[in-house]
4 protein chains.
Amino acid sequence: MINYEQPSNASDKVVRGIERIVATGKTPYQDYFFFENRANGLCIAINGDIQSCQSDENIYHEALVHPAMILHPAPRNVLIMGGGEGATAREVLKHDAVVEKCVMVDIDEEFVEVCRRYAPTWGEGAFGHEKLDVHYMDINEYIKTCDLKFDVVIGDLVDVEDWESFLANLYSDEFYANLKKILNPGAILATQAGALNSVDVTNHRNVRRGLGAVFGHIESYGIVVPSFYGLWGYVLASDTPFDVGYETLSTRILSRFEERGIELDAIGNDAFHALFGIPLSIRKKFEGE
Amino acid sequence: MINYEQPSNASDKVVRGIERIVATGKTPYQDYFFFENRANGLCIAINGDIQSCQSDENIYHEALVHPAMILHPAPRNVLIMGGGEGATAREVLKHDAVVEKCVMVDIDEEFVEVCRRYAPTWGEGAFGHEKLDVHYMDINEYIKTCDLKFDVVIGDLVDVEDWESFLANLYSDEFYANLKKILNPGAILATQAGALNSVDVTNHRNVRRGLGAVFGHIESYGIVVPSFYGLWGYVLASDTPFDVGYETLSTRILSRFEERGIELDAIGNDAFHALFGIPLSIRKKFEGE
Amino acid sequence: MINYEQPSNASDKVVRGIERIVATGKTPYQDYFFFENRANGLCIAINGDIQSCQSDENIYHEALVHPAMILHPAPRNVLIMGGGEGATAREVLKHDAVVEKCVMVDIDEEFVEVCRRYAPTWGEGAFGHEKLDVHYMDINEYIKTCDLKFDVVIGDLVDVEDWESFLANLYSDEFYANLKKILNPGAILATQAGALNSVDVTNHRNVRRGLGAVFGHIESYGIVVPSFYGLWGYVLASDTPFDVGYETLSTRILSRFEERGIELDAIGNDAFHALFGIPLSIRKKFEGE
Amino acid sequence: MINYEQPSNASDKVVRGIERIVATGKTPYQDYFFFENRANGLCIAINGDIQSCQSDENIYHEALVHPAMILHPAPRNVLIMGGGEGATAREVLKHDAVVEKCVMVDIDEEFVEVCRRYAPTWGEGAFGHEKLDVHYMDINEYIKTCDLKFDVVIGDLVDVEDWESFLANLYSDEFYANLKKILNPGAILATQAGALNSVDVTNHRNVRRGLGAVFGHIESYGIVVPSFYGLWGYVLASDTPFDVGYETLSTRILSRFEERGIELDAIGNDAFHALFGIPLSIRKKFEGE
């Protein structure tokens with residue numbers, strides 16, 4: 001029996017049974033491993049870290065994309081950083097009623113091709129969409145050379161394992177300061193921001209630190225992703241104040257889903273508010289910055 | 001290295017490191033195993049199943065107790081079924097302002113003693129409280145002989161592993177029908193109701209089935225319990241309609257916490273609403289009854 | 001981290017780390033999985049069962065082949081049943097001085113090709129050897145149609161997991177009775193015969209039962225194969241008495257290695273005698289037939 | 001389910017199921033953990049390392065004790081270093097016909113008591129035997145103060161995990177040089193000497209190095225201990241030449257077992273020779289000193 005073992009919480013581990021190995025290889029940028037798991041269907045791992053699984057990738061991706069998209073009244077230009085599997089673009093393009101251009105910048109063309117071949121449902125309807133431009137390049141290079149300004153930015157980059165590594169730069173205040181140069185006034189950014197368990201929220205804290213140093217307003221939220229075996233965190237950031245309070249969410253915000261004709265299959269429009277109800281004892285772990 | 005391995009989702013498993021074995025033994029009713037885990041502190045397992053861990057037992061127990069207690073305007077008499085560790089009673093008694101009597105019925109006196117000895121923080125302030133009566137007996141026997149009527153019932157019984165077993169009776173419509181005889185009009189019941197992951201929600205469905213057959217109104221809710229590696233489910237039931245809608249929760253309900261002087265340490269009063277935001281794709285698994 | 005987990009002894013398991021997945025697939029007859037393991041190099045698994053590993057496949061294969069070959073004074077024609085990786089043929093052909101024809105019958109041509117591609121050192125010097133004939137067919141069919149008579153037969157078939165299955169026939173008395181029809185007088189057979197641990201020696205007992213019903217003399221032997229995490233068993237069988245006693249081994253038998261110019265790289269000629277020293281407490285497990 | 005996980009070969013691990021925890025605690029010198037395992041019965045671990053299991057502790061202890069005892073023509077005084085469980089003394093005292101005094105020196109009185117209470121079969125017939133003296137003290141101290149001279153020394157000390165640690169001194173040339181002062185001419189020493197798998201034989205090499213620096217003649221041997229999941233190594237050492245060659249073993253040596261009325265239950269007298277048949281490819285790992 002082949003297993004996929006991932007450490008958790010420093011003392012524990014989650015072991016996933018592998019029914020079938022679908023694809024395994026190494027691009028110039030990362031190792032990938034696609035396997036079938038009985039509980040969660042097709043699972044995608046990069047560098048030994050589960051990225052998303054068929055059973056609930058829509059939970060993960062809906063939570064990543066829609067809060068920023070819906071908090072912004074008119075997200076015309078949207079930038080996706082990373083997002084190689086294509087599901088992030090898929091969710092962004094559900095806001096077709098307001099989106100004019102979605103630009104996805106991923107350094108790893110080979111990985112995107114592997115995803116399109118082995119995990120085609122992730123990017124369904126996205127790749128080939130007339131509003132989507134995909135650039136295979138370093139996001140730093142893209143920022144330097146791009147002549148668009150964005151209303152929403154979605155960060156769907158891999159987790160940082162080592163905060164001294166090069167990858168950590170993509171979550172640094174320096175990086176975000178550069179990114180700001182290609183943002184429109186009122187722009188809002190959302191990024192995946194690591195696991196939120198009760199013990200180790202280092203990644204989440206560090207993401208908040210980078211964003212908080214550059215943007216005037218940040219807000220954490222989360223949702224349980226069953227195949228990740230816990231609560232997953234995200235951070236919103238903007239220089240313009242935004243309100244995720246109870247009343248706003250239940251009125252103005254929800255109506256935008258309706259206006260744009262969007263039903264959240266995985267989260268459910270009615271449960272959207274729960275994204276902003278991270279248990280206090282977990283919130284305290286990362287707010288004591 | 002000693003590990004505590006628990007299957008999950010039929011194909012996967014969660015392996016918790018054991019730093020120290022604190023207590024292990026067998027009462028007439030169950031096997032218990034108390035151990036220290038680096039991530040989650042003291043952990044209590046019964047019959048090979050984690051019951052609660054020091055790091056987040058307050059998340060589990062706050063979620064179990066407070067929704068029913070706060071939805072009821074005047075919970076004078078409260079019955080706890082099971083709850084041997086004492087934390088359920090601890091949470092109930094936080095409603096000291098309105099509670100007059102809290103009765104805890106647990107069949108396993110020896111286990112309660114083991115908990116009081118090895119996990120004293122669970123029952124802190126509960127055992128010895130003047131409003132708490134503890135009866136060590138079969139809950140069926142208690143129902144037959146008791147002369148109190150209850151406003152709130154909290155079910156904190158162990159998970160059913162085998163729905164053909166004797167234990168399953170405690171979640172059956174027959175059992176709930178008997179229980180009803182000792183309820184006041186307007187009474188509300190809350191019970192823990194198994195894991196809510198995306199794959200297997202058998203336990204939750206079965207708990208809903210039993211309650212739904214007997215009570216006019218039922219409602220599922222959930223919260224992430226990090227040491228359980230996922231979302232945990234609960235069910236509310238009453239013959240009197242109750243509202244867990246957004247607006248009610250944000251107004252009337254929250255004010256009751258204030259009136260009774262209760263701060264939810266683990267969930268947070270502000271995040272209380274999120275209990276009722278189970279992701280739609282998970283909700284669909286158990287609602288297709 | 002990807003692991004290869006194999007149950008052992010009903011209550012335990014051996015978990016091997018996977019450095020790299022080399023090949024995985026399904027032939028018409030079996031699932032194969034080739035992976036790199038830090039401790040043992042390239043490992044070959046069939047149907048979830050480790051077959052042999054680079055680090056010590058020579059221990060396994062020398063022990064399988066040489067006792068029968070050396071106990072026979074003149075093994076001209078040798079039949080290999082199974083042996084897809086080619087290492088069994090490699091060892092047989094070390095007796096080039098006396099062997100005239102080595103016939104390998106393996107049902108699974110695709111698997112043999114996979115081995116030649118991904119594990120070429122196993123069959124080094126065998127495939128392509130002028131004395132080797134490979135037939136890709138059911139061994140039962142081969143027996144019916146072959147017109148050679150053999151002096152030595154080496155059984156290198158996969159372990160039986162289910163003794164009610166079709167595969168079990170290849171270890172049955174009926175099968176061995178048929179096989180006998182293509183043996184020369186004085187022929188000797190050796191077969192791999194499962195793990196010899198102190199607890200479960202079912203496979204070994206069953207192999208002995210089949211052979212013992214058909215041949216006049218059988219003898220178990222074994223050697224530790226580190227990558228199998230224990231002692232591995234084999235059985236010799238013949239209608240002609242053979243002696244693996246101390247004195248015979250140390251004199252006549254060892255001299256044959258010299259006569260044929262064979263040095264046992266893995267076992268060592270000097271340690272050859274130890275094959276016949278299975279600890280008594282283990283021997284008792286399978287001898288109480 | 002509770003498991004006992006032990007790393008092996010740097011990349012792999014052996015996971016043993018725990019049926020029941022029998023005893024766990026900490027003496028001034030070590031952590032101990034006694035558990036029931038389905039395959040191997042009662043298992044004793046010290047500092048996270050399996051010491052011996054009920055199912056085959058006799059294989060381990062017979063192999064440790066009898067080679068030295070039988071190679072010596074008249075082992076009157078025998079010293080056991082360590083051996084807390086009592087099984088080493090039990091085996092030594094089987095040579096009652098020739099032994100006059102058996103001295104066991106173990107630093108950890110509490111551990112010996114724990115063994116006598118929870119694993120009484122290990123020391124059966126030893127503790128309380130009139131020829132056994134037990135001293136609870138540092139072996140270095142014992143050597144300084146003792147006025148006996150020994151014919152055989154059996155080293156049954158725990159494995160060294162860290163060769164920079166204090167414990168490593170007990171396998172150092174300095175230690176052995178001191179030990180020599182209390183040996184009779186012709187004395188022979190045997191010590192357990194770590195796992196002999198194909199990959200990592202560091203412990204065995206280091207034990208050989210210490211002994212080889214001090215004694216004129218050393219010899220490695222081994223036997224499979226199924227509950228250790230592989231081959232276990234031992235080293236013999238003496239200043240007087242001793243012969244473990246085939247012929248000697250099969251004649252003079254075996255007759256001594258008979259003379260002393262000893263039947264090796266676990267190894268078997270007939271399989272005694274196999275102890276000295278370590279596969280060549282494994283032997284090469286530690287002989288390239």
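These entries record what I looked up about charged side chains in this predicted model.

**Overall count.** I began with the total and found 54 salt bridges over all chains.

**Arg90(A) and Glu91(A).** I looked up this pair and found a salt bridge, with the closest N and O atoms 3.0 Å apart. I then checked accessibility. Glu91(A) has a relative accessibility of 1% and so counts as buried, the cut-off being under 20%. Arg90(A) is also buried, at 13%.

**Glu141(A) and Lys144(A).** I noted a salt bridge between these side chains, at 3.3 Å from N to O. Both residues belong to helix H4 (residues 139-145) of chain A and sit 3 residues apart, about one turn of the helix. Lys144(A) is exposed, with a relative accessible area of 64%. For Glu141(A) I read 35%, which makes this residue partly exposed.

**Glu19(C) and Arg38(C).** In chain C I found Arg38(C) in a salt bridge with Glu19(C), the closest N and O atoms being 3.8 Å apart. This pair links distant parts of the chain, 19 residues apart: Arg38(C) is in the loop between strands S4 (31-37) and S5 (41-46), and Glu19(C) in the loop between strands S2 (12-18) and S3 (20-26). I list Arg38(C) as exposed at 54% and Glu19(C) as exposed at 52%.

**Chains A and D.** I traced a network of salt bridges that links Glu5(A), Lys13(A), Glu5(D) and Lys13(D).

**Negative patch.** On the surface I located a patch of negative charge made up of Glu258(A), Glu259(A), Glu263(A), Asp265(A) and Asp270(A). I placed Glu263(A) in the loop between helix H7 (246-259) and helix H8 (280-287) of chain A. Glu263(A) is exposed, with a relative accessible area of 60%.

Key:
Residues numbered from 1 in each chain as written. Chains lettered and ligands numbered in written order. Predicted model: local features only at pLDDT ≥ 70, side-chain atom pairs only at ≥ 80, totals over all residues. Heavy atoms only, no water. Patch = residues over 30% accessible without salt bridge, like charges linked within 9 Å, V, L, I, M, F, W, Y side chains within 5 Å. Areas by Shrake-Rupley, 256 points an atom, 1.4 Å probe, with all protein chains shown as cover. Salt bridge = Lys/Arg side-chain N within 4 Å of Asp/Glu carboxyl O. Lys, Arg positive; Asp, Glu negative; His and termini not counted. Charge placed at Lys NZ, Arg CZ, Asp CG, Glu CD. Helix = DSSP H or I, 4+ residues; strand = E, 2+ residues; numbered from the N terminus. Buried < 20%, exposed > 50% of the residue type's maximum accessible area, 1.4 Å probe, protein only.
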